[in-house]
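Student: I am new to this structure and would be grateful for a close look at one part of it. Please set out how that part is arranged, and then how the rest may be read alongside it.

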Amino acid sequence: MVQLQDSHCDLLITGAGPAGLMAALWAARCGIHARIVDKRGTKIFNGQADGLQCRTLEIFDSFGFADRVWKESNHMLEICLWNPDETGRIRRTDRIPDTIPGISRFQQVVLHQGRIERFFLDSLKEYSHIKIERGVLPEQLEIDHSKAEDHHAYPIKAKIRHLDDDEATQAQNGTNVPDGLFRSSLAKDDTDDLIRKSRGKEGTTEVIHAKYMIGCDGAHSWTRRQLGFQMQGEQTDFIWGVLDIVPITNFPDIRMRCAIHSAKSGSIMIIPRENKLVRLYIQLTEVNSAGQQVDRSKITPEIILKAAQKIMSPYELAYDYCDWWTAYQIGQRVGNLFSCDDRVFLAGDAVHTHSPKAGQGMNVSMHDTYNLGWKIGLVVKGLAKRSILRTYQSERRRIAQDLIAFDHRFSRLFSGRPARDAADEAGISMAEFKDAFEKGNMFASGLAVDYGASILVAKPGDSGDQGDGTHVGSKANGTGAFVGKQELASNIKLGMRFPSFQVLNQSDARPWHFGHFLKSDGRFRIIVFAGNLQDEKQWKRLQGFGGSLAKPDSVIRRFTPTAKPIDSVIEILVIHSGPRQKVELLDLHEIFHPFDEKRGWDYEKVFVDDVSYHEGHGEAYKNYGVDKESGCVAIARPDQHVGWIGELEDVKDIDRYFSEVLIAQV
Ligand code: FAD
């Protein structure tokens, strides 16, 4: 047995699925030393999750790879609802937009998980030396609770083992088409078997001492079991099969997202995919186990196809090529706790499981670590206080609970038999189904996320349940009434993500979506709506605000390490209300376009809400709900959620916000 020397890292991530990869990407962008291990020998190449919400695309854009996804994916524009008529024949009854028009600069798309993982891997390579360590299994976990609050300590000790190729390869079901059964809820997890079998064998082990750890190891999470945390909720009786095929069919809407309820044979969801592929989610009535363990060997692609043919009859359906298939039983559960000592965290399927039909799991899993990664990054670097880590559970557990409630409603409506008439109480009303679909679209876009009051969000109200009955101290509840002035920007909601509208770059007149400049690089942003700079009073307000931020004891100077560029912890971005041609960039206070001896002035920080030569007027002030004359100021967190809103004179409040969150560097 080879025992490697003990090693140290800032962050250990178990599991390289979507949640783990997002955590690793933040580590890369924040520049901390992270390791990410996965028990499987290879990444996913086909199948699994495929739906990407508009919020996820916004996040990908902030990391710089949304364009690759946008280009390769299939765009989902319309949903067709098919229901039985009075004779029992299925007919198209409604068409609704897949993404609510105008809510984002992106719309929902589908692309398989393997490609998405590829973009993460490429981005990790571009920004760091972090590599996925595959075929590596953690075996033991110890946490020294007494050192949890010591910034310099490594309280986590994890023993890992490098598996051989056989152990690291996922078992397949024996058909010649790749399947995802090994990851399905119908399969038994193999982690304990692997640990048992590899003990005493030749192999390399290593002890890693880590400051922080995130368990992103999926629904059967080993990390969760080591912590002794529970999943709360239910297993449902619905068994679903999934087929990724190139269909040969006369069904007219095969290239649309469709929800089909048949009169007697169950329901099917059609998801058109890239490369002529179509995914079918089918309820398998034949093998419904009514709560008992299902015999997986009974489920084959042929059985799933047969069920689909029955639902879609009289239309014909066949295939020559099947790319992937799986089957699963829906469990709707949320973890009771998401963190231990704010040192070891759980994310993704490790703390919430539900049905895949609403296309949420991969998205919400990535959003968990998108919420957490920058917090750990800034704390490890000594820039932010450890107390911000508490907001992970308060913010994300609430989202997981909302997700389960949404999935519960959606699954029941989708899986149920259509009502024969208004008196048929056991059946599902198709009007109710359509209504749920339309209302659910906002939730499903990922844009409805609204974080509660905390030290990171200065708004009234409750911080959110911590799972253990406690609440995160909020600005509103903890240290007196400190809330942002929501009325100054009616469409920039405290706690929600900062919306994006078209603005022009002041220095070159190019139109941009403002969201493009809210990069995921670990920086907070002060966004100054400078208002009408033709008005002398307003001009003085802006210059006065700039002067305050430039002072030696300002938040910008205090929280930025002396050796670092002035915008490396908090970046200031300005949008004035025009006209562009009446304003000279260099007349604005230097803090708004900082000078670098080697690179000159910064030309990417001042924008204007004005008409562009070729792409019209973005009407940003109107869309943001900000007064064009007097403007306002907003703080966006590194994950683009809005932390505070105030006036240009509210410098003390800005100081108060950052003083609770960041650590003075000088
Ligand atoms: P996982 O993707 O499960 O990744 C966990 C990783 O941890 C794996 O790589 C695994 O090998 C590794 N691991 C496990 N145990 C250990 C261990 N002990 N040590 C080391 N590594 C370990 N979601 C959507 O958003 N949109 C969709 O369209 C969608 N469709 C779906 C379709 C199907 C058929 C299925 C099954 C799921 C679908 N989902 C969808 C859900 C989505 O796949 C999951 O929610 C998502 O993959 C969860 O990401 P994760 O990173 O938390 O976990």
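Tutor: Helices (H or I, at least four residues) and strands (E, at least two) are DSSP runs, numbered from the N terminus. Axes are lines fitted to C-alpha atoms, for helices over the stretch in contact (heavy atoms within 4.5 Å); angles run from 0 to 180 degrees between N-to-C directions. The model is a predicted one, in which local features need pLDDT of at least 70 and side-chain atom pairs count only at pLDDT 80 or more, while totals for chains, interfaces and linings use all residues. Residues are numbered from 1 along each chain as its sequence is written, and side-chain values use heavy atoms, with hydrogens and water left out.

Two strands pair if DSSP finds at least two bridges between them. Strands E23 (residues 524–531) and E28 (residues 632–636) run antiparallel and are joined by 5 bridges; in one of the pairs, arginine 525 of E23 has alanine 636 of E28 as its bridge partner. Strands of a sheet pair through backbone hydrogen bonds, either parallel or antiparallel.

A nonpolar core is a set of buried (under 20% relative accessible area, 1.4 Å probe, protein chains only; exposed is over 50%, partly exposed in between) Ala, Val, Leu, Ile, Met, Phe, Trp, Tyr and Cys residues joined through side-chain atoms within 4.5 Å. The largest such core has 114 residues, and those with the most contacts inside it are Phe60, Ile376, Phe524, Ile526, Phe592 and Phe658. Helix H1 (residues 18–30) gives the most to this core, with 10 residues. Domain 1 (2–69 + 109–229 + 332–396) and domain 2 (486–661) both contribute residues, so the core lies between them; the domain bounds come from an automatic or database domain assignment. Leaving aside its neighbours within four places in sequence, phenylalanine 60 is in contact with Met22, Leu52, Phe65, Ala66, Val69, Ile116, Phe120 and Met366. A second, separate core of 28 residues includes Trp82, Leu317, Trp325 and Ala327.

Proline 579, in the loop between E24 and strand E25 (595–596), is joined to glycine 578 by a cis peptide bond with omega near 0 degrees. Another cis bond, with omega about 15 degrees, links serine 313 to proline 314, and proline 314 is in the loop between helix H8 (301–312) and strand E17 (317–335). Asparagine 275, in the loop between strand E15 (267–272) and strand E16 (278–283), has a positive phi of about 55 degrees although it is not a glycine. Its relative accessibility is 68%, so asparagine 275 counts as exposed. Most residues other than glycine have a negative phi, and most peptide bonds are trans.
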